[in-house]
Amino acid sequence: MSDLDAELDRAAAALRGATRVAVLTGAGVSAESGVPTFRASDGLWEGHRIEDVAHPTGWRRDPRLVWQFYHARRAKAAEVCPNPGHAALAKLEAKWADRFTLATQNVDGLHQRAGSQRVLELHGSLWRTRCTGCGEVAAIGAEPSAGIPPCPTCAAPLRPDIVWFGENLDPAVLGAAEEAAFACDVLIVAGTSAVVFPAAGLIPLAKGGGVKRPPGVVIECNLTPTDASRHADIGLYGPSGETLPRLCDRLGL
Ligand code: BV8
Ligand code: ZN
């Protein structure tokens, strides 16, 4: 039996005994759909540092460049499809229903397109805009966009409804994710380098910091070990588009 098979058996056993399941995903779960991850691209987008275009100062310095950055990612996200890893997570949600929470750092909407309904978008969504004036949030598609649209309500410029570096996450979304991570019996951490906070802080929360009895079991699904690996009880190392469906097979899903 390979190491991965043994770890898949351990992961399935942990989940069989779980009453509450939480998941934290990152860009890696969308990689097999063709969506570039952040760190693999050396943090660059068409020569721009991501922290520059995904940052309020970048927006203030050159809003059109930032709008184009997100418009290009919307266009790319519209061309790709969810992969079997996304579908597997939707199957896990169907089994645990309201005792299942998926917190994602991804903004591509692929979890929802795969059927996941209980999704906490920690870092916002490519598919929403937010008004810089009145704060109104609205849906946006991948249709060609000449430039930064004005708010239909107050005419102020719209911005992507994305949490940039240096910006606070929506406290209600983060709070719900923290509650789910603390309350879970199993936390699956899939496709994230676990370097961005406070999202990465959900992982040790599942262990409960000595307060929670028993601590949650952390299952890491990644190509390689990460900053989160020290918290992981089980490691499923391989493409999540393969490991997550194999985990569902073991659970008969
Ligand atoms: C904030 C939206 C308060 C943009 C993003 C401690 C506490 C609090 C804050 C901080 C802190 N330390 C530092 C900070 C500041 C900062 C931060 O964390 N910086 C990091 C870089 C050190 N955090 C913030 O600014 C947050 N705000 O805390 O507010 C505050 C206010 C003022 C001053 C300070 C604090 C806001 C963070 C949100 C930023 N926005 N996204 C956009 O998407 O356009 S973050 C961005 O990184 C994406 O959302 C992305 O999802 C996320 C994390 O990256 P990953 O998803 O993990 O992707 P990555 O490429 O890194 O890794 C992919 C992984 O997948 C790899 O491990 C790879 O091996 C694996 N993989 C690849 N292929 C596969 C695979 N795995 C499985 N299968 C495969 N096929
Ligand atoms: Zn407005």
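This is a predicted model: local features need pLDDT of at least 70, side-chain atom pairs count only at pLDDT 80 or more; totals for chains, interfaces and linings use all residues.

Author: Let's go with helix H1, where Leu4, Glu7, Leu8, Ala11, Ala12, Ala14 and Leu15 are buried. Looking down the axis of H1, you'll find these buried residues within an arc of 160°, so they line one face of the helix. As for its length, H1 takes in residues 3-16, 14 residues in total. From first C-alpha to last, H1 reaches 20 Å, close to the 20 Å expected at 1.5 Å a residue.

The buried residues in H6 are Gly85, His86, Ala88, Leu89, Ala90, Leu92, Glu93 and Trp96. At the start of H6, Asn83 brings a side-chain oxygen to within 2.7 Å of the backbone nitrogen of Gly85. Just after H6 comes Ala97, with a positive phi of about 55°, and Ala97 is not a glycine. Ala97 sits in the loop that runs from helix H6 (84-96) to strand E4 (100-104), and at 38% relative accessibility it is partly exposed.

As a rule, most residues other than glycine have a negative phi, and most peptide bonds are trans. Ala155, also not a glycine, has a positive phi near 75°. You'll find Ala155 in the loop between E7 and E8, where it counts as exposed at 54% relative accessibility. On the peptide-bond side, the one from Phe197 to Pro198 is cis, with omega near 0°. Pro198 belongs to the loop between strand E9 (186-190) and helix H9 (202-207).

Cys131, Cys134, Cys151 and Cys154 coordinate the zinc ion (ligand 2) through their SG atoms, at 2.2 to 2.3 Å. Along the sequence, these donor residues follow the spacing C-x2-C-x16-C-x2-C. The angles between the 4 donor atoms run from 96 to 120°, which makes the arrangement around the zinc ion (ligand 2) tetrahedral. Cys131 lies in strand E6 (residues 124-131), while Cys154 is in the loop between strand E7 (137-139) and strand E8 (158-162), so the pair ties together parts that are 23 residues apart in sequence. Cys131 is buried at 5% relative accessible area, whereas Cys154 is partly exposed at 36%.

The strands here also pair up with each other. E6 and E8 run antiparallel and share 5 bridges, with Leu158 in E8 as the bridge partner of Cys131. So much for one neighbour of E6. E6 and E7 form a hairpin with 5 residues between them. In its turn, Gly135 has a positive phi of about 80°.

How values were computed:
Residues are numbered from 1 along each chain as its sequence is written. Chains are lettered from A and ligands numbered from 1 in the order in which they are written. Side-chain values use heavy atoms; hydrogens and water are left out. Donors are N, O and S atoms within 2.8 Å of the metal (3.2 Å for Na, K and Ca); water is not among the atoms, so sites may look incomplete. Four donors count as tetrahedral if all angles lie between 85 and 135 degrees; four count as square planar and six as octahedral if opposite donors are over 155 degrees apart and all others between 65 and 115; anything else is irregular. Helices (H or I, at least four residues) and strands (E, at least two) are DSSP runs, numbered from the N terminus. Buried means under 20% relative accessible area, exposed over 50%, partly exposed in between (1.4 Å probe, protein chains only). Two strands pair if DSSP finds at least two bridges between them. A polar contact is a pair of N or O atoms within 3.5 Å; within protein, one must be able to donate a hydrogen and the other to accept it, and residues adjacent in sequence count only if both atoms are side-chain atoms. The expected span of a helix is 1.5 Å times one less than its number of residues. The arc is that of the directions from the helix axis to the C-beta atoms.
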